Every structure is written in structure tokens, then in C-alpha cells.
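The following note comments on a structure for a colleague who is new to reading such models. Please keep the sequence and the three-dimensional view at hand while going through the numbered points.

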Amino acid sequence: MPGAIYAEGLVKTFGDVRALDGVDLDVPEGTVLGLLGPNGAGKTTAVRCLTTLLRPDSGKAVVAGIDVVRQPNEVRRSIGLSGQFAAVDEYLTGRENLQMVGRLYQMKGRAAKARAAELLEQFHLADAADRPTKTYSGGMRRRLDLAAALVVSPPVMFMDEPTTGLDPRNRQELWGVIKQLVAGGTTLLLTTQYLEEADHLAHDIAVVDHGRVIARGTSDQLKARTGGERVELVVHERDRMGAAAEVLAAFGKGSTTVEEHTRKLTVPVTGGAKLLAEVIRELDVRGIEIDDIGLRRPTLDDVFLSLTGHVAETEEAGEGSPDDAGHDQEKEAAK
Amino acid sequence: MSTATDTAPVTASANPVSQSIRDSLVIARRNLIRMTRIPEMVLFGIIQPVMFVVLFTYVFGGSMKIGNTTDAGVYKDFLMAGIFAQTVTFATAGSAAGIADDMQKGLVDRFRSLPMARGAVLTGRTVADLVQTCITVLVLAVVALLVGWRTGSAEPTNAAKILGAFALLLLLGYAFTWIGALIGLSVRTPEAATSGGIIWLFPVTFVSNAFVDSSQMTPWLRHIAEWNPFSATVQATRELFGNPGVVQSDAWPMQHPVWASLIWSVLIIAVFRSLAVRKYRSASA
Ligand SMILES: Nc1ncnc2c1ncn2[C@@H]1O[C@H](COP(=O)(O)OP(=O)(O)O)[C@@H](O)[C@H]1O
Ligand SMILES: [Mg+2]
């Protein structure tokens, strides 16, 4: 039986660009699929096809057991969408936005009102509920957008880069909200440019590039292919590199790579920061001087490098500029 | 997550027509709320025609020949039907910009992912614009009376005819907002929509009987002006207001301006509504 979200051979072209080049997906009910890929990979196009906004050129898409192309309106009753950019009316208050969405989901006026109040509470927006959303910070607007997607508690949810452009604090908070939601049994397809995010939220990950799924698996499986966490260090004196390699061998979970000319040693590890501290202590005990040491976690780039042999061709860093983040915090603090 | 309220979406609405009306009203309400939060938009919509009234009556009045007189008072009474008609068509820019803005902000995507009636986003917008047009027309009528415009100044008229004239004007304005809706869906930015919604209105409203007596134009221009859909409403309004300058012409729309105005407006709504709704269904920001 196909899952709550099912796609087979989805193709969508825009002129010469094959935004989707035969995408297959199968998301079992109650699970989270992370669609991971760089800018321009086709993530948004996939979400738009699955949420009835775009008609695929060919292929099959079934959401909540309903054919997306043939019965779009039936699909719309069963999904919630939080698009890549928060889609809220900036001149309406948070409450008015949610009530409007409730009414458009065909809820009765009183029910829409009650549901809006409930969601505002849940998403920590009660204090700002009656202010136009123009005055909201980026994080608040994102939360409101997510709330709007949840008005009818749809069984299937789509979120397109829900945390792109948010500062770390807002990102953490949103992750919490998403986890709660999933714990309630919602099936979720989430797109992201961050391996960390997919790792944190998704049961399964599908890596997309140039409109194709180039790898899929759990985050552990992907990380195993990528090499997982590593300790990287640069030794101060070249003749102590051998001694340092001995230390790393004792802590590492694989063979140590040595780059002579940069005096850099790398070893895969498990155990994170705690282990890193132990490595530093041991190096200290042995009197090995180091210029630099750090724990490196695999990023989207690493996944790409190991899958394709080239780095992800991101057009622009998806991360919000420091300015944005500062702005967010300011507004959040000002409220 | 707590779900204290019953959040199950109401099952398939029994009647698509009533759902369509309901959804359109929800969207119209939303756009009217927006209007109250951006009052300067409404204000500019009012200032522009008021400025036109003042400029045209005081600058052109006295040098424009209507029939066989250049009397400034006659021109003032002649002019108002033209200004009213031009004013209602300017709502086109508002609806174009509003819809382009909704596209750019991703709101159209949100609406399209909801189980709502197909044309409701556009109908709601045009209905809200109609409300704004009513307000503008009302203020304009007061200003016109203040500068000395009077109905029945050339021919006798009555309240029913005057109300009929306003109804034709509003219908024309409503029809034009559907052209605006299509423009809004076709351009990339709200700025482009504003200019795209307005520039073509200048030739349409000037190559007409709105501001000059079309019977004094060169024959080919006169022909265009008198078959211009816009002119039919101007002629009808002028006639129903009992104002001077109703042109005698062989052109059918000038002989039967009320019918012509109605037919043109209904035709514009029918054509542009179906084009816009079709475009909306495949719209992507
Ligand atoms: N409406 C469109 N018109 C033309 N090209 C588009 C359109 N939408 C997306 N594309 C192109 O399709 C590709 C995939 O885009 P998208 O799905 O937005 O990627 P992602 O969301 O992963 O960043 C890109 O090359 C993009 O330029
Ligand atoms: Mg995208």
C-alpha cells in the first residue's frame, strides 16, 4: 500500500529547465521525510506539484490516498502547506489571518475563531495576536504561517524550508513545534538545505539534485556514507604528527587521514564534544602542541561530496544574513 | 498538540454556489480590512479625480467648445460624466496591484492550496474594489456639486435616471477591475501591475467623448471614440444626468448608450473573468 505521500516519476519542466526529472517518493503514514538539497535542486517544485499548485508534466502523485492531478480539491482538504516564504497578510493581525484561513477551509465562523485563539496560544503569539503581522519578526511570521497550515490539523503537511533565514534561537523553537506536531501522528514532508535539520526532524531523507533523488535513507545511513563526525586537528610541529596520530587512533572509529604539508590529521569519531575534550586532554598530557582542533559534523556539502564527488552548487547561502538575524532578535525583544 | 476544538474541515460544501459566495465574502472582507489599515491608498484614489475636476474646469473651461458654445459653465456640466467614468476605471490599477502583491507575497499559493471556491480570491478582490469605488464616487459627487455641477442642466432628469447613471458607472468600474485582475496575474511585481493597470487607461479615456465633444474630432478619430466601449457609458451617464453635450451620431452605441454601456460592461466581465480565473488556476509566483 502506498504511503500518505506517494510520487512516481514526477517530471516538471520550465522551458529548458528540468526542475523535476523523474522523482519517486514514498512517505509512510505518520513519518517525516526530509527532502534535502541545495538551492535550485527542485525541492519547491516537488512541494508545489504535491500540493496541487503545479501540474506535473508527467508522473503520478497521490496524497492521503487521493490523486493530486485528478482530484486537487479533495487533496486540498487533507493537506496543510507552509511555503518557502511565510504567506501571511501583513496588514491583517495574526488572529485575522488565522480566522480567514479557517473560514476558507470551510469552518464555521465560531469554530474558526476558537481555533485561531487556540493556535495563537500554542505558537506563543497570543500577545501579538491583535497586531498587524507587518510588525512581527521573521520568526513570529514563520510561526504564524505554520499555524495557518495547521488550522484544520490536516493529516498530511508540507513545509518548504521552514527555518531558512531564521536565527538559531528561532530555528530551535520551530524545531520544537514541528516535533510536537509529528508526535501527534501527522505525516510530514519537509524540505531543507541543512543536513542538521533533516537529521533532527526526519525519519528518512531523500537527497535531491538537478531534479532527481540521488540518495535516500535514514540520516545514520547517509552519514555512514559520508563519514559521520570527525575530529580534525592541526599539529604545531611537524615531527609530533606521529605522536598525535597515535592519540587519534586510540579515540577514533576508523583510520586517521594525515596531510603532511598542512600538518592536518582527521579521524572519524563518535561521542561528540565529550570525546573532543578527552582528545585535547590526552594531547596535553603528552605535550603535543596544536594550532587548531575541532569537531566536524557532516554538512550538506559533505553529503554531496561523497555522493556526487562535487560540492553542492548553492546559488546563495540560504542562511539568513547576520543582519536579518539581528533584526529578528531586535523585534522579538521589542515586543 | 492539544486539539480542544473540533478542527475537522467541514465536509464538501453541499452547494458550490453558496460556497463561492461565502469564500468571496471572506476575501472581500479581508481586502476591506486591508483598506482600513492603508487609508492613504483610499485617499489617493479620491484626490486624483478631485484634482482632475479642478484642473479641467478651471484650466480648460472657457476654451473647450461643446456643441456651439465655449461657456465655462456648460463645459463643467459636460465634463463631470467624463470624470466620473474615468474615475471608476482607475480602480483597475488597484485590483491589478493588489493581486500582483498577493502573488508576490505567496498568498495566492496559500489560497490555492486551500479547499476554496476557484474564483473567490479574484471575486473578493473586485468586490472590495467596488466598495472603494463607491466611496470615491460619493466624495467626487460632493466635490462636483461644490464646484457648481448640477444634474438636469440641459435636459430634465429625475432621481431614478440619476441613480441609473451611477449604477452604469459602477458596473463599468467593476468590469474594469476584472481587466485589472488579469493584469495583476500576468505581471511579476505590484509596481509593474500599477503602471500596467493604468497606462492603457489614458488612451482609452482620452480618445473618447469624456473630455471633448467627439462630434468635433476628425472623422476617423471620431469613429474610434464613438465605438470606444468607454464612450458609451459616458454618453449614457451624460444623458441620464441631463447634462449638455450628448452627441448626435450615426454610431449605434451613441444612439443607444444605456444598452451599449450595459452590453460592453457585461461582455468585459464575461470575457475577462473567465480569462482571469483560468490564469489564476495555473498561477505561480
Ligand atoms: N516558475 C518557474 N519558472 C522557471 N523556472 C523555474 C520556476 N520555478 C522553478 N524554476 C527552476 O527550476 C529549478 C528548481 O527550482 P526549485 O524547485 O525552486 O528549487 P529549490 O526549491 O530546490 O531551490 C531551478 O533551476 C529554478 O530556476
Ligand atoms: Mg525552494
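This is a predicted model: local features need pLDDT of at least 70, side-chain atom pairs count only at pLDDT 80 or more; totals for chains, interfaces and linings use all residues.

1. A definition is needed at the outset: helices are DSSP runs of H or I with at least four residues, numbered from the N terminus. With that in mind, consider helix α6 of chain B, which spans residues 120-146. B:Arg125 and B:Asp129 are 4 residues apart in this helix, so about one helical turn separates them. The two residues form a salt bridge, their closest N and O atoms being 3.0 Å apart. Both B:Arg125 and B:Asp129 are buried.

2. The side chains of A:Glu118 and A:Arg115 meet in a salt bridge, with an N to O distance of 2.5 Å. Because A:Glu118 and A:Arg115 are 3 residues apart in helix α4 of chain A, they too are separated by about one helical turn. A:Glu118 is buried, as is A:Arg115.

3. The closest N and O atoms of A:Asp130 and A:Arg95 are 2.9 Å apart. A:Asp130 is exposed, because its relative accessible area is 53% and the cut-off for exposed is over 50%. A:Arg95 is partly exposed, with a relative accessible area of 26%.

4. Chain A as a whole deserves a brief description. Chain A contains 12 helices and 14 strands, and its C-alpha atoms fill a box of roughly 75 × 50 × 35 Å along the principal axes. Of its 335 residues, 53% count as buried. Among contacts in chain A between residues at least 6 apart in sequence, 68% join residues at least 24 apart. The accessible surface of chain A is about 14,600 Å², and 49% of this belongs to carbon and sulfur atoms.

5. Chain A contributes 43 residues to the contact and chain B contributes 35 residues. Between them, the two chains bury about 3,600 Å², of which 55% is on carbon and sulfur atoms. On the side of chain A, A:Tyr91, A:Leu104 and A:Gln106 lose the most area to chain B, together 20% of what that side buries.

6. Salt bridges complete the picture. The structure holds 26 salt bridges over all chains, and the rule finds 6 across the interface of chain A and chain B. One pair is B:Arg30 and A:Asp89, whose side chains meet in a salt bridge at 2.6 Å, N to O.

Technical notes. Residues are numbered from 1 along each chain as its sequence is written. Chains are lettered from A and ligands numbered from 1 in the order in which they are written. Side-chain values use heavy atoms; hydrogens and water are left out. Contact means heavy atoms within 4.5 Å. Buried area is the accessible area (1.4 Å probe) that two parts lose on being put together, summed over both. A salt bridge is a side-chain nitrogen of Lys or Arg within 4 Å of a carboxyl oxygen of Asp or Glu. Helices (H or I, at least four residues) and strands (E, at least two) are DSSP runs, numbered from the N terminus. Buried means under 20% relative accessible area, exposed over 50%, partly exposed in between (1.4 Å probe, protein chains only). Accessible areas come from the Shrake-Rupley method with a 1.4 Å probe; for residues, only the protein chains shown count as cover.
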